[in-house]
Amino acid sequence: MSYNDDSELIGLGRVGRVMRIGHMAVKTANVWTVPKGASVTTIISYEQTTELNKQSLKHEGHVYSHIGHVPGVIKPYHISDTEIRMPYLRQGSLSRYLHTHHDTVDNSRRLQWLQEAAHIIHRVHERQVLVVDIAARNFLLDEDLSLQMCEFTESTIVADNEDMAIFVSEDFASVRSDIARFGSMMYEVISGKQFEFYVIPDIETDLDYDPVSKTYKTWPTMTNSQIRTLYSLDISSSDAGPGKDSSQCRKFATP
């Protein structure tokens, strides 16, 4: 798809970028342009990074196709090896919305989002998929402020003959790590502050040299009010989400 003057960059990540084109959001892989006069090492590095980005986007398309239609997961209009076309949701991500409306979003709404997210993650797990990158930035808001999960570049499709409860991928992805990342998202939604962690120690070590790293060495603290709010989250409640199935979140929380 060629972009025109009406296109707008609305998302930029490590692997890809998202352009708004009318009513669509189109995700493509980031392509690194090799600078003039670059060394052979730099050329190889740029080309390898671009190829990895393309493969990651292709993998995300496969994950969307594998999941199919799942309530709470954004449904692409079109998937190819080079782009993913999705509905454009003007409310943007949950993280951006929380940042913009921090003083007006009450605890009831925050807990509703967390209940809804738990149901969505559970449904994806039922399709034998580990989400991996669970964060408020990867949930978009529909017009009614309901959640739509939208990021699967790092996700793992687990074979049907594997037991999801005990499966661990080569990258250490598991149901337990998804639950842990959901815990980080819960902290962000309630407190308004991010806390990210990495299951591979080497990654955390490498990021120590980055002054803007989001890796933190100590566990975050919460106010008593925030703790009380978090404890009030009963994700097993029968009115916790679509379908009102009281077993869904209990299953999600039991690896």
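Threonine 50 touches Asn30, Val31 and Trp32, leaving aside residues up to four places away in sequence; a contact here means heavy atoms within 4.5 Å. This threonine sits in helix H1, where helices (H or I, at least four residues) and strands (E, at least two) are DSSP runs numbered from the N terminus. At 8% relative accessibility, threonine 50 counts as buried, a word that stands for under 20% relative accessible area, with exposed meaning over 50% and partly exposed in between (1.4 Å probe, protein chains only).

Before going on, a word about the model: it is predicted, with local features needing pLDDT of at least 70 and side-chain atom pairs counting only at pLDDT 80 or more, while totals for chains, interfaces and linings use all residues. Residues are numbered from 1 along each chain as its sequence is written, and side-chain values use heavy atoms, with hydrogens and water left out.

Buried residues in H1 include Thr50, Asn53, Leu57 and Tyr64. Setting aside residues up to four places away in sequence, glutamate 60 touches Lys27, Ile84, Cys150, Glu151, Phe152 and Thr153. Just after H1 comes glycine 68, with a positive phi of about 70°.

Now step back to the whole chain. It holds seven helices and nine strands, and buried residues make up 44% of its 255 residues. Among contacts with a separation of 6 or more, 61% join residues 24 or more positions apart.

Next, the interior. A nonpolar core is a set of buried Ala, Val, Leu, Ile, Met, Phe, Trp, Tyr and Cys residues joined through side-chain atoms within 4.5 Å. The largest one has 40 residues, of which Leu94, Trp113, Phe139, Met149 and Phe182 touch the most other members. Elements that each supply at least two residues of this core include helix H1 (40-67), helix H3 (107-126) and strand E8 (147-149). H3 gives the most, with eight residues. A second, separate core has seven residues, including Leu130 and Val175.

Because 15 of its 20 residues are buried, H3 is largely enclosed by the rest of the structure. From first C-alpha to last it reaches 29 Å, close to the 28 Å expected at 1.5 Å a residue. Glutamine 128 follows H3, and its phi is positive, near 65°.

Finally, look for open space. On a 1 Å grid over the protein atoms alone, a pocket is an open set of points where a 1.4 Å probe fits, with protein on both sides within 12 Å along at least five of seven lines, and lining residues have an atom within 4 Å of a point. The second largest pocket holds about 240 Å³ of space, the volume being that filled by probe spheres set on points joined across faces, edges and corners. Its lining includes Ser95, His99, Arg110, Glu188 and Lys193. H2 brings the largest share of that lining, four residues, and H2 and H4 each supply at least two.

Definitions and conventions: The expected span of a helix is 1.5 Å times one less than its number of residues.
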